[in-house]
Amino acid sequence: MGGERLRIGIIGCGDLGAVHARRFADMEGARVVALADPDPGRLARAAEALADPPAVRATDYRDLLDCGLDAVCIASPDAYHVPQVLDALAANLHVLCEKPLTLDPEALEAVVASSAEVGRVVALTYPRHYDGGLRAMRREILSGRWGRVTHVTVHNSEDWVSTNRGTWRHDPAICPGGFFYDASGHQIDTLFWVTGLEPVRVRAESDQAGTPVPMCVWGTARLTGAVPMTFHVVGTARVWREQVNVHCEGMDFALDDGRALWAKAGDMAPIEPSEPSETADAAFVRLVRGAGPNWAPPDAARPIVHFTRAALESAAIPGSPEVACGAQSA
C-alpha cells in the first residue's frame, strides 16, 4: 500500500461506530471513506461528525464491500459480527471487529479459518490487550518468575438496566448473554489473556432482574492447572466497577478499574509499562501496514467463548450443575 492512506469503511454507526470513525479520521494514515447503518439518522449523524464526510453511505453494509475499501471496522450489534466479518473477508478486506465476537465456537473457528485462508488481518477491540500496563502484567505472569497462578477472581458491575432499556442489548436474539456476555467479556478476557489459563469446568447461577437477558451471573470454575476461579457480575449496580485478581505463588496482581497493579511494599502499586498503550484503531492500521504484533486476533476469544457459553448453560439448568467448557471438556 506504500504511503497511501488506508481506506476504511465503518459498519454500524451507533455510539461505538462513531467513536471508531472519529479515531480513524484523525489519523494521518487512514481515511474513512464509507459508512453503513440500517438507520439513516445514525448514518447522517456519523457523517456530519467528520470533518471530511464520506460520500459512500449505505443502509446495507454489503454495499460497502466492493467500493474500493482496504478494511472495515465492524461496530454493529453483537449477533451480526460473525456474518459481517465473514462477508468482509470474502471481499478480501482487513477487519477490526468490536467485541464480543460470538457465543458459537464453530462460528469463531470459521472466522479464524477464513482469516488465514484469505491472508487478511482480523483484530478484535478488547481494550486491555492494547494497554501497556496490562501487557506488562501479562509478561510478568507468563514469565513464570512469580511461580504458578494459584487463585483468580473476577468482578464487574454497572447499571446495565436503565441505560439499555429498549435497546438491542436487552434483546436475547441479538445479545443472548446480556450483561455477562457483552459487557463483562472485558474482565473475563483479561483474566484468560494475562494468565494464559483456559476454562475447564464451570458452575453458575443467573438473574435477569426483570429484563429478557442475563443481568447478574455468579459462580465458580476450575481452570487448567487446577486453578480455582470465582466470578460475580452485577448489571443492576449504580456505578461501574471492575476487578480481576490473579494470585501467584510469589506475587499478587490486579486489574482495578482499568489500572494494572501488583503487590509492592505491602500495598498494590501501578505496574509501569515498558511500552506505550495504543488504541485498537491505531494498532489495526499498524497491523495492516505489516508492523508489530496482533494483540487481539480472533483465536484469542476461544477461552471467552467456551467459558461464557458453559456458564450460561449451567445457569439455565435447574440446580446449576457443573458444565464442561468446550475444548477442555475432555
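On a 1 Å grid over the protein atoms alone, a cavity is a set of points where a 1.4 Å probe fits but cannot get out. By this rule, the count comes to one cavity of 30 Å³ or more, a volume being the space filled by probe spheres set on the points, with grid points joined across faces, edges and corners. Do keep in mind that this is a predicted model: local features need pLDDT of at least 70, side-chain atom pairs count only at pLDDT 80 or more, and totals for chains, interfaces and linings use all residues. Residues are numbered from 1 along each chain as its sequence is written, and side-chain values use heavy atoms, leaving out hydrogens and water.

**The cavity**
- The largest cavity holds about 80 Å³ of space.
- Its lining (residues with an atom within 4 Å of a point) includes Tyr126, Tyr181, Ile304 and Thr308.
- Helix 9 (residues 302-316) gives the most to this lining, with three residues; helices are DSSP runs of H or I with at least four residues, and strands are E runs of at least two, numbered from the N terminus.

- Nine strands form an open sheet of mixed pairing, in the order 14-13-12-11-7-10-9-8-15; two strands pair if DSSP finds at least two bridges between them.
- Strand 14 (267-270) and strand 15 (323-324) are the edge strands, each pairing on one side only.
- Strand 7 (residues 149-159) and strand 10 (residues 227-234) run parallel, joined by six bridges.
- Ser157 stands opposite Val234 in strand 10.

Technical notes
1 Å grid on protein atoms, 1.4 Å probe; cavity = no way out; pocket = protein on both sides within 12 Å on 5 of 7 lines; lining within 4 Å.
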